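Student: Could you walk me through reading some side-chain features in a model? I'd like the general idea each time, then the case at hand.

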Amino acid sequence: MTQRLHLVFGGELVDPSRNVFKDVEDLHIVGIFPNYQAAYDAWKSEAQRTVDNAHMRYYIAHLHRLRDEENAATATEELG
């Protein structure tokens, strides 16, 4: 069974019209979630919590898309 992990993170942007973080050292890592629905729920909670700050943005990163499922897994990946 393939795992579809999702990372939820956010932070303050330099300009609300661009996706450039003001300080990457100060990113808020909400967590890694086992499915999109759980990640969406976490994202929505953080986005609503910071709705009054136009410079704050939260994102869902699809970690499973960073891996090429067509290629054989490395020995390290096989351990997981």
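Student: How many salt bridges does the count come to here?

Tutor: Some ground rules before the count. This is a predicted model, so local features need pLDDT of at least 70 and side-chain atom pairs count only at pLDDT 80 or more, while totals for chains, interfaces and linings use all residues. Residues are numbered from 1 along each chain as its sequence is written, and side-chain values use heavy atoms, with hydrogens and water left out. A salt bridge is a side-chain nitrogen of Lys or Arg within 4 Å of a carboxyl oxygen of Asp or Glu. By that rule, the count is two.

Student: Which residue forms a salt bridge with Lys-22?

Tutor: That's Glu-12, with the closest N and O atoms 3.8 Å apart. The pair links distant parts of the chain: Glu-12 belongs to strand E1 (6-12), and Lys-22, ten residues apart from it, sits in the loop between E1 and strand E2 (28-33). Those labels are DSSP runs numbered from the N terminus, helices (H or I) having at least four residues and strands (E) at least two.

Student: Is Lys-22 buried or exposed?

Tutor: Go by relative accessible area: buried is under 20%, exposed is over 50%, and partly exposed is in between (1.4 Å probe, protein chains only). Lys-22 counts as exposed because its relative accessibility is 57%. Glu-12, at 33%, counts as partly exposed.

Student: And where do the side chains of Glu-46 and Arg-49 meet?

Tutor: In a salt bridge, at 2.6 Å from N to O. Both residues are in helix H1, and because they are three residues apart, about one helical turn separates them. Glu-46 counts as buried at 13% relative accessibility, whereas Arg-49 counts as exposed at 54%.

Student: What lies 3.0 Å from the backbone oxygen of Glu-46?

Tutor: A polar atom of the Thr-50 side chain. For a polar contact, look for a pair of N or O atoms within 3.5 Å; within protein, one must be able to donate a hydrogen and the other to accept it, and residues adjacent in sequence count only if both atoms are side-chain atoms. Thr-50 itself is in the loop between helix H1 (36-49) and E3, and it counts as buried because its relative accessibility is 12%.

Student: Which residues does Thr-50 touch, not counting those up to four places away in sequence?

Tutor: Contact means heavy atoms within 4.5 Å. Leaving out those sequence neighbours, Thr-50 touches Met-56 and Tyr-58.
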